[in-house]
Amino acid sequence: MTSPFQFQTTHTDGGARAGVFTTPHGEVATPQFMPVGTLASVKALDPEDLTRLGATMILANAYHLRLRPGDAMIRTMGGLHRFMQWDGPILTDSGGFQVFSLEGLRTIAEEGVAFRSHLDGSLQQFTPESVMQIERNLGADVIMQFDHVVPGQSPHELAKVAMERSVRWLERCRVAFDRLQADDTLAPTPVQALFPIVQGGIHADLRRDSARAIMNCGDWVGYGVGGLSVGEAKPDMYAMLDVVNGELPTHRPRYLMGVGFPEDLVEGVARGIDLFDCVAPTRMGRTGAFFTGTGRKNIKNAQWRLDPAPLEDGCTCAGTRFSKAYIRHLFVAEEILGLRLLSLHNVHFLVALMRDARAAVQAGTFAGWSRDWLARYHSSKTMS
């Protein structure tokens, strides 16, 4: 039986590549930024907004949805696609990052992680097996393994313990995943793909060991790269992407988890990354920050009070019909439309950025395009 998941690289330019990731809910042109709908909603945006701005694949989070409204409830409602009225591909994170960020509220053991809910303090436990069941209930196209995440600057010994545990947990995830995939009594019964996650902190030897151990565990539909953008310096993150790029197979998509600042997307594409996600565009939009090709700006600054121009010249997002002066007024007056417009603009900016990167790869001009883009962006990247 032919798998509904396929990946084809159509063009390469150095380490960058353009391709198509096919899923049961449609095709995803890569490289691609995936907006994050943590609680089955990309904050302030309707699914139709996402379609209009060009998003093709989105995320939801197993940790948050397990706690509220509950993965069993979402399964009863027909799964995430029907529940949130999104008919494109969906990926669910396992909640590993969220669980391990609960410092003081969780206990780590080989069996799994016991933790207190941030909502009501109730005792919860995540194991590789229970997370596979949660993600099966949610019904996303791509689901992530349960992994052990450590801070970006973790010493070699701690990063090694977490990496090796993640590999052991991957094998348990795979066994549970295969069992659930074979169970036709679950409604809905989606065909899903399980992605492993390369860990290892900022230590090149651990990243290599992780990638090799994962490949020895099976032939995966795609690969996640986790544990980056969690406190380490950007040069360290880019160095780890160089290491991973040299280890992972080229005929499968690579997903860089939780990374979504514009410069990091461009640098990631240059190092063979195909998929990105991050809460940054909507989170920053809610605080007044917006992306432009010449750096990040803050709409609340007084310099925009009488500015009749849109957020960025040439932008085609739905907010272009409004001036910076108007949107600043919305923030000053605490009108919710301002949060929505900046969130929409920021997501559009990243989706469009990846569309431009894809076109540059297809044209064979990515090296020059990325060099010029980064120089322009870094020239005034600081908040203004």
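Helices α9 and α10 are roughly parallel to each other, because the angle between them is about 25° and angles under 35 degrees count as roughly parallel. Before I go further, please keep in mind that this is a predicted model. The axes of α9 and α10 lie 10 Å apart. For orientation, α9 covers residues 234-245, and α10 covers residues 262-270. The crossing of α9 with α10 is right-handed.

Which residues make the contact between α9 and α10? From α9 they are Lys 234, Met 237, Tyr 238 and Leu 241. From α10 they are Glu 263, Asp 264, Glu 267 and Gly 268. Sorted by class, that contact has 4 charged residues, 3 nonpolar and 1 polar.

α10 also packs against another helix, α14, which spans residues 366-378. Here the angle is about 160°, and the axes are again given as 10 Å apart. That angle makes α10 roughly antiparallel to α14. The crossing of these two helices is left-handed.

On the α10 side, the contact is made by Pro 262, Glu 263, Val 266, Glu 267, Val 269 and Ala 270. On the α14 side, it is made by Phe 366, Trp 369, Ser 370, Trp 373, Leu 374, Tyr 377 and His 378. By class, this contact has 9 nonpolar residues, 2 polar and 2 charged. If you have the structure open, look for Glu 263 and Glu 267: they are listed in the contact with α9, and they are listed in the contact with α14 as well.

Now to the strands. As background, strands of a sheet pair through backbone hydrogen bonds, either parallel or antiparallel.

β5 pairs with β6, residues 90-93, over 4 bridges. Within that pairing, Leu 59 has Leu 91 in β6 as its bridge partner.

β7 is joined by 3 bridges to β8, residues 113-116. In β8, Phe 115 stands opposite Arg 106.

There is also a hairpin, formed by β1 and β2 with 2 residues between them. β1 is residues 6-13 and β2 is residues 16-23; they run antiparallel and are joined by 7 bridges. Thr 9 has Gly 19 in β2 as its bridge partner. In the turn, Gly 14 has a positive phi of about 65°.

Side chains of opposite charge can pair when their charged atoms come close. The count for this model comes to 20 salt bridges. One of them is between Arg 17 and Asp 274, with the closest N and O atoms 2.8 Å apart. This pair links distant parts of the chain, 257 residues apart: Arg 17 is in β2, while Asp 274 is in the loop between α10 and β15.

Last, some backbone details. Most residues other than glycine have a negative phi, and most peptide bonds are trans. Where are the cis bonds I want to show? One joins Thr 30 and Pro 31, with omega about 0°. Pro 31 is in the loop between β3 and β4. Another cis bond runs from Arg 68 to Pro 69, with omega near 10°. Pro 69 sits in the loop between α2 and α3.

Ala 40 has a positive phi of about 65°, although it is not a glycine. You will find Ala 40 in the loop between β4 and α1.

That is the end of my tour.

Conventions: Residues are numbered from 1 along each chain as its sequence is written. This is a predicted model: local features need pLDDT of at least 70, side-chain atom pairs count only at pLDDT 80 or more; totals for chains, interfaces and linings use all residues. Side-chain values use heavy atoms; hydrogens and water are left out. Two strands pair if DSSP finds at least two bridges between them. Axes are lines fitted to C-alpha atoms, for helices over the stretch in contact, and angles run from 0 to 180 degrees between N-to-C directions. Angles under 35 degrees count as roughly parallel, over 145 as roughly antiparallel, 65 to 115 as roughly perpendicular and the rest as oblique. A crossing is left-handed if the near helix is turned anticlockwise from the far one by less than a right angle, and right-handed if clockwise. Contact means heavy atoms within 4.5 Å. Ala, Val, Leu, Ile, Met, Phe, Trp, Tyr, Cys and Pro count as nonpolar, Asp, Glu, Lys and Arg as charged, and the others, Gly among them, as polar. A salt bridge is a side-chain nitrogen of Lys or Arg within 4 Å of a carboxyl oxygen of Asp or Glu.
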